[in-house]
Structures are given as C-alpha cells and as structure tokens.
Amino acid sequence: PFSKLTTSVLQVAQKHGIATVVFYHGSDAPVITDTLLRNKEGRTYRNLKQADVVAVVSESGRRGTEIVGVNKAVIVGPMFKKQLFMSALTQLESRKYLGLDEKLEGKFVILAPSHIIEDKGTREAVRAIKILKEQGYGNIVLLLIGAADEEYLNTQVLPEIKKNALEDNIL
C-alpha cells in the first residue's frame, strides 16, 4: 500500500469508478504503526482508506487497519515468504509511463503486489483470470507488481499468459 504505483492505480480506479482491493501485510513494530498508520498524510494511511476492500494477510495487518479506521478489511491468510518486497515498478514516478490510464480504463483491476515466484501462486492467478474471462468477465485486469524470478516468469508465467491469449488481461 505504500508504493507510488499503488497510489497511482487507486487514483485511476477512483477517477473511473473501479472497485479496488488492496493487500496489506501489517506490522506491530511501533515505527510502522506510528510512521505509516497514524500519519494521515502518508501513502499507507491514504491507500488503506481509499481502497474499497483491504485484504490483510496477518493479524497484525488486521490490527493495522483498525488503527487507520478501515472497517472493510478481510483476512485472506498468510503469504508464503517474508522477503523484502522491492520492485522496479514501485520506483516509477508516473502511471502514464506505463500507459496504465489507457490499459486500465473501464476495467476491473486486481492489483497483485508480490514477488513473481512459484511459491506465490502467480500461475494460479493467471489460470483464475483465464476462467473468469471464459465465464464472460473479460473486462478484468490482473496487475502483477513485483520482482520476478526471471526463469519462472519466462518459462512458466509468460507462456501461460500467451497460450491463453491473456496479454490484455494480465499486465
């Protein structure tokens, strides 16, 4: 929730009336609680408040949403790995650089900030988008944001996307 790209995507979604779900890991560390969750001017606070639903992956995440005053939080379970999340995409200054305004306009967007590795279920997410598209929900976009295991991405994920003609549905 604290990335600049998440902020940009939420702004585009709000502008176009697109429902959003934000994943929040959470932390009980006082520096996180005081710096990120109690700072009403900060990105984390604003992003959590702006999302239609906040999916938390831990009890500390749930407690964090209570601090912010978010009543629309759902616990979705723990993540597989607790690695530091750092993506080149989160460093981009503008959604226009990616052409996101045009690619996301009028779409239902699922934002998936996570490492793109086998343990995180990226291929399963691709298959889920395929099923949704087959059921008539072609107006959906899965936005993958995160550092990738290049071999996994190039040998498993991208071929699955191409094989199922999901290039417009998975960015």
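The following legends describe close-up views of a predicted model.

**View 1. The largest nonpolar core of the model contains twelve residues.** Its members are Ile116, Val126, Ile129, Ile140, Leu142, Leu144, Tyr152, Leu153, Val157, Ile161, Leu166 and Ile170. At least two residues of this core come from each of three elements, namely α7 (122-134), β5 (140-145) and α8 (150-163). The greatest contribution is that of α8, which provides four residues.

**View 2. Three strands form an open sheet in the order β1-β2-β3.** The pairing within this sheet is parallel. Strands β1 (21-24) and β3 (73-75) lie at the edges, each pairing on one side only. From one strand to the next, the twist averages 30°. In general, the strands of a sheet pair through backbone hydrogen bonds, in either a parallel or an antiparallel manner.

**View 3. Strands β2 and β3 pair in the parallel sense.** Strand β2 spans residues 53-56, and three bridges connect this strand with β3. Within the pair, alanine 55 is placed opposite valine 74 of β3.

View 4. Valine 53 belongs to strand β2. This residue counts as partly exposed because its relative accessibility is 30%, a value between the limits of under 20% for buried and over 50% for exposed residues.

Technical notes. Residues are numbered from 1 along each chain as its sequence is written. This is a predicted model: local features need pLDDT of at least 70, side-chain atom pairs count only at pLDDT 80 or more; totals for chains, interfaces and linings use all residues. Side-chain values use heavy atoms; hydrogens and water are left out. A nonpolar core is a set of buried Ala, Val, Leu, Ile, Met, Phe, Trp, Tyr and Cys residues joined through side-chain atoms within 4.5 Å. Buried means under 20% relative accessible area, exposed over 50%, partly exposed in between (1.4 Å probe, protein chains only). Two strands pair if DSSP finds at least two bridges between them. Axes are lines fitted to C-alpha atoms, for helices over the stretch in contact, and angles run from 0 to 180 degrees between N-to-C directions.
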